[in-house]
Amino acid sequence: MTKKVLVLPGDGIGPEIIAEAVKVLNVVNQRFDLGIELSEGLLGGAAVDATGLPLPESTLEAAKQADAILLGAVGGPKWDKVETAKRPERGLLGIRSGLKLFANLRPAILYPQLAHASTLKPEVVSGLDILIVRELTGGIYFGQPRGIRTLENGEKEGFNTYVYSESEIRRIAHVAFSLARQRSSRVCSIDKSNVLEVTVLWRDVMEEVAKEYPDVELSHMYVDNAAMQLVRAPKQFDVLVTGNMFGDILSDEAAMLTGSIGMLPSASLDINNKGMYEPCHGSAPDIAGQGIANPLATILSAAMMLRYTFNEGSAADAIEKAVSDVLDQNLRTADIWSEGMQKVGTQAMGDAVVAALQQ
Ligand code: NAI
Ligand code: MG
């Protein structure tokens, strides 16, 4: 069966890093006989420039037809003057909600070769391998009503609604529990149930779903404590599951434990494990066009795609091993470079991963 992958390079460093990930995908496609068929589409600034819209109808249609999407990055000062609804970043939000990608997976993995890159002590972070599962299409970012209104006394008041239904909580819980099964079988659910009713329900539903996974250990933590524990002793966690806003904040915090934004992939999945895969970083307009961006986060996102959407664990493992191999060869892009290492550009890094795969 063919696997249809839509590639959306976006803008900024997007096209540069995507080119390397596509090289890598082509190699594993052949070696593991995956039957992947790639097509390309316009998104973000590239689409704004060509069509006036960040998410052209044809791109959304192609995304719906595809089994998976590999995305570079979008956004930048070039489009600052474009009206908000047509900004490149809107294209991204449009795809996420258009495809109902409710489960955002963000691993924070510290490669031992890069232990120095973290601002935390090596003994606190070395060997770190945690996975944050963030609900992406509900919670306070989407709740209605919302807005800014003027009160009778003339004062303005801003308001948002924090709401989760049982079914929304249940489906993200299943994602977290089944992923935990493939890891060390521990889930920590993050809430604020001492203050917020919506997360009292969150905690209840987590407990209910946990009964279907007797082999997985469930614990709970308040979000303020979790923020603290992530920098105090992050290795106590395996899978963390939380709502949209807490997940937004905690996943950025967790990413920085590893110190290197250029290394972190992500996945956003729908109920059928169809997904969009992209690096955690943005379009890095400050270095775009210079051939120095780190392509490894995008290459690792392609590995996540093979694992989660296509169930091709061995091919995913091969990519991840190749990435580790190039780090062992002391090859480093500028963002992860340190004294004594060999500095390479985007293409050379991609070529090195390809060579490691062909070993
Ligand atoms: P950014 O992640 O693009 O860049 C932050 C810093 O990290 C910059 O100094 C950049 O050079 C560096 N960096 C990022 N990725 C790198 C890589 N692969 N290799 C080496 N260095 C890398 O975040 P920033 O500057 O806040 O945002 C720039 C634009 O990207 C904005 O328009 C923002 O809206 C957009 N953005 C897009 C995202 C996406 O497409 N998913 C996510 C985050 C931001
Ligand atoms: Mg964020």
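In the predicted model, H220 is placed in strand 9, which covers residues 217–222. H220 counts as partly exposed because 16 C-beta neighbours fall inside 10 Å, and a residue needs 20 or more to be buried. Beyond its neighbours within four places in sequence, H220 is in contact with S189, D191 and R203. The C-alpha atoms of H220 and V241 are separated by 9.6 Å, the two residues being 21 apart along the chain.

The domain assignment divides the protein into domain 1, made of residues 1–106 and 264–359, and domain 2, made of residues 129–257. The centres of the two domains, taken over C-alpha atoms, are separated by 26 Å. Domain 1 and domain 2 each bring 13 residues to the contact. On the side of domain 1 that touches domain 2, helix 4 and strand 4 each supply at least two residues. Strand 4 gives the most to this side, with four residues. By class, the side of domain 1 that touches domain 2 comprises seven nonpolar, three polar and three charged residues.

In the UniProt record, an unreviewed entry, the feature "binding site" is placed at R96, R106, R134 and D224. These positions are spread over 129 residues of sequence and are also spread in space, with up to 27.5 Å between C-alpha atoms. R96 lies in helix 4, residues 88–98. With 17 other C-beta atoms within 10 Å, R96 is partly exposed. Its contacts, neighbours within four places in sequence left aside, are L101, L136 and S268.

R106, another of the positions annotated by UniProt, is in strand 4, which runs over residues 103–109. R106 is buried, because 23 other C-beta atoms lie within 10 Å and the threshold for burial is 20 or more. Not counting residues up to four places away in sequence, R106 touches I132, R134, S251, A255, S266 and C280. R134, one of these partners, is itself among the positions in the UniProt annotation.

S251 is found in helix 9, residues 244–257. S251 is also buried, with 25 other C-beta atoms within 10 Å. When residues up to four places away in sequence are not counted, S251 touches R106, I132 and R134. I132 and R134 are also touched by R106. S251 and N104 are 147 residues apart in sequence, and their C-alpha atoms are 9.9 Å apart in space.

The shell around ligand 1 is made up of 22 residues, of which G75, H281, G282, A284 and N294 are the closest. By class, this shell has 11 nonpolar, seven polar and four charged residues.

The unreviewed UniProt entry also places the feature "domain: Isopropylmalate dehydrogenase-like" at residues 4–353. This span is 40% helix and 20% strand, and its end C-alpha atoms lie 23 Å apart.

Helix 1 has 18 residues, which at 1.5 Å a residue should span 26 Å; the end C-alpha atoms are 26 Å apart, in agreement with this value. The buried residues of helix 1 are G14, E16, I17, I18, E20, A21, V22, V24, L25, V28 and N29. Just after helix 1, D33 takes a positive phi of about 50°.

Helix 11, residues 313–328, has 16 residues and reaches 22 Å from its first C-alpha to its last, close to the 22 Å expected at 1.5 Å a residue. In helix 11, A315, A316, A318, I319, A322, V323, V326 and L327 are buried. An α-helix has 3.6 residues a turn, so residues three or four places apart point the same way. The cover over the buried residues of helix 11 includes helix 1 (14–31), helix 10 (296–308), strand 13 (331–332) and helix 12 (346–357). N330, which follows helix 11, has a positive phi near 65°.

Note on methods
Residues are numbered from 1 along each chain as its sequence is written. Chains are lettered from A and ligands numbered from 1 in the order in which they are written. This is a predicted model: local features need pLDDT of at least 70, side-chain atom pairs count only at pLDDT 80 or more; totals for chains, interfaces and linings use all residues. UniProt positions are given in the numbering used here, feature names are shortened, and annotations may be inferred rather than shown by experiment. A residue is near a molecule or strand if its C-beta atom, placed from the backbone, lies within 6 Å of it. Ala, Val, Leu, Ile, Met, Phe, Trp, Tyr, Cys and Pro count as nonpolar, Asp, Glu, Lys and Arg as charged, and the others, Gly among them, as polar. A residue is buried if 20 or more other C-beta atoms lie within 10 Å of its own, exposed if 12 or fewer, and partly exposed in between; C-beta atoms are placed from the backbone. Two residues are in contact if their C-beta atoms, placed from the backbone, lie within 7 Å. The expected span of a helix is 1.5 Å times one less than its number of residues. Domain bounds come from an automatic or database domain assignment.
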